[in-house]
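Student: I have a new model open and want to learn how to read it. Where do we begin?

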Amino acid sequence: MEDFYISQKKSDNYSNIISHYHDYNDTGYNNTNATGDYYYADELDISEIVTCVIISISLPLTLVAIYALYSQLQKDHVAPIYIINLFISDLIQLCCMIVKVTQPYDSVTQEVFFYIYYFGLMASVGFMVCVALERYLVITWPLWYHFRRTIKTSLVFSVVVWTLPLVYVLPFLFVDAFKVSDTIFAFFLLVPFPLLIFFLVGTLKALSASRVPADEKRRIVGILVLVLVIYTLLFLPSIIWFLVDEAQYDITFSELSFTLLQFSPLADLTLYVFIRKGAVDKLLASVCRCRMDIDDNSRSSA
């Protein structure tokens with residue numbers, strides 16, 4: 001998908017760009033003979049191998065996580081709606097990645113799933129912000145959050161998050177607005193970054209005055225730190241790519257930035273560990289136990 005964007009910057013003709021993306025980026029068609037006919041490559045492209053590994057790991061685990069969260073909702077009457085929607089957006093990305101790997105001949109199908117993929121990606125960004133905002137309110141405004149938090153409110157916010165990515169997709173239905181869409185996408189990725197930093201810093205400042213139990217505080221801080229780390233590692237390169245013209249013509253950086261985006265569904269699964277009660281304490285306990293074992297072994301050997 002990265003080559004699509006590189007081509008996108010060099011041409012104003014929409015159909016030619018889509019055609020070039022399919023011809024150049026699809027592994028099965030990236031070689032031609034003298035007559036211009038396509039033949040299949042003997043070896044898989046590295047990016048395609050990475051995509052297959054991400055799909056094979058993320059798809060079953062995401063389905064299991066959604067089922068577990070739904071079971072938790074039925075049992076405890078707790079609604080982790082934003083997390084569930086985040087995993088659903090990841091499923092959309094994974095399904096589109098499967099289509100990309102299978103390399104359908106129909107260019108219209110490839111084009112449709114291309115935009116569906118980025119629709120799911122932008123939705124996942126929105127739900128990451130919602131998850132961080134929810135944890136921030138638990139610490140900084142606990143009473144307000146306790147009385148204002150309802151399933152209806154969460155559903156309304158979820159509908160808004162699912163609607164916002166359409167602003168990125170809809171311009172293509174009317175005009176060949178690549179520059180406009182690039183600006184929208186860059187803005188959409190850039191805005192959550194300072195928000196996530198604000199949520200983490202504000203939570204850390206309010207921890208001492210909060211009456212939230214200690215284990216809950218650790219889980220909340222762990223989730224906020226994890227969301228910020230995921231966003232920084234996976235999305236910051238793409239933000240740079242969209243904002244810096246030189247980066248858009250750097251093939252290596254382009255491949256790296258858009259390959260990192262594909263790790264988003266896999267990285268989001270780590271949030272499931274932190275939302276489970278006691279999971280963070282068990283993780284910290286195991287780390288401390290391993291640390292103590294290493295120290296004991298070093299002392300005994302000395």
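Tutor: Start with one definition. A residue counts as buried under 20% relative accessible area, as exposed over 50%, and as partly exposed in between. Keep in mind that this is a predicted model.

Student: Is leucine 164 buried, partly exposed or exposed?

Tutor: Leucine 164 has a relative accessible area of 43%, so it is partly exposed. It sits in the loop between helix 7 and helix 8 (166-169). In space, its C-alpha lies 9.1 Å from that of phenylalanine 119, and the two are 45 residues apart in sequence.

Student: How much of the protein chain can I trust? What is its mean pLDDT?

Tutor: First the general idea. Where pLDDT is low, the predicted coordinates should not be read in detail. Here the mean pLDDT is 75, and 71% of the residues of the protein chain reach 70 or more. Residues 1-43 stay under 50. The model still has 89 contacts beyond four places in sequence for that stretch.

Student: Now the whole chain. How many helices and strands does the protein chain have?

Tutor: It has 16 helices and two strands. Of its 302 residues, 47% count as buried. The protein chain exposes about 16,300 Å². Carbon and sulfur atoms supply 67% of that area.

Student: What share of the contacts comes from residues 24 or more positions apart?

Tutor: Take the contacts with a separation of 6 or more. Residues 24 or more positions apart account for 73% of them in the protein chain.

Student: Can we see some of these pairs?

Tutor: Look at C-alpha distances. Isoleucine 49 is in helix 3 (residues 46-76). Its C-alpha is 9.1 Å from that of valine 101, 52 residues apart along the chain. Isoleucine 49 has a relative accessible area of 41%, so it is partly exposed. Next, threonine 259 in helix 13 (residues 251-262). Threonine 259 and valine 50 are 209 residues apart in sequence, and their C-alpha atoms are 8.2 Å apart. Threonine 259 counts as buried because its relative accessibility is 16%.

Student: How do I check a helix? What span should helix 4 have?

Tutor: Helix 4 (residues 81-102) has 22 residues and should span 32 Å. Its end C-alpha atoms are 32 Å apart, which agrees. Helix 10 passes too: its 15 residues should span 21 Å, and the ends are 21 Å apart.

Student: Why is helix 4 called largely enclosed?

Tutor: Because 17 of its 22 residues are buried, the rest of the structure largely encloses helix 4. After helix 4 comes glutamine 103, with a positive phi near 55 degrees. In helix 10, the buried residues include Phe193, Leu196, Phe199 and Leu200. Pro192, Gly202, Thr203 and Ala206 are buried in helix 10 as well.

Student: Last topic, pockets. What is the volume of the second largest pocket?

Tutor: The idea is simple. Rolling a probe the size of a water molecule over the atoms shows where empty space is left. In this model, the second largest pocket has a volume of about 370 Å³. It is lined by 17 residues. The closest to its centre are Gly126, Val129, Val161, Leu164 and Phe188.

Student: Which elements give two or more residues to the lining of the second largest pocket?

Tutor: Helix 5 (107-140), helix 7, helix 9 (178-190) and helix 10 (192-206) do. Helix 5 gives the largest share of the lining, six residues.

How values were computed:
Residues are numbered from 1 along each chain as its sequence is written. This is a predicted model: local features need pLDDT of at least 70, side-chain atom pairs count only at pLDDT 80 or more; totals for chains, interfaces and linings use all residues. Side-chain values use heavy atoms; hydrogens and water are left out. Helices (H or I, at least four residues) and strands (E, at least two) are DSSP runs, numbered from the N terminus. Buried means under 20% relative accessible area, exposed over 50%, partly exposed in between (1.4 Å probe, protein chains only). Contact means heavy atoms within 4.5 Å. Accessible areas come from the Shrake-Rupley method with a 1.4 Å probe; for residues, only the protein chains shown count as cover. The expected span of a helix is 1.5 Å times one less than its number of residues. pLDDT is the predictor's confidence in each residue, from 0 to 100. On a 1 Å grid over the protein atoms alone, a cavity is a set of points where a 1.4 Å probe fits but cannot get out, and a pocket is an open set with protein on both sides within 12 Å along at least five of seven lines; lining residues have an atom within 4 Å of a point. Grid points are joined across faces, edges and corners, and a volume is the space filled by probe spheres set on the points.
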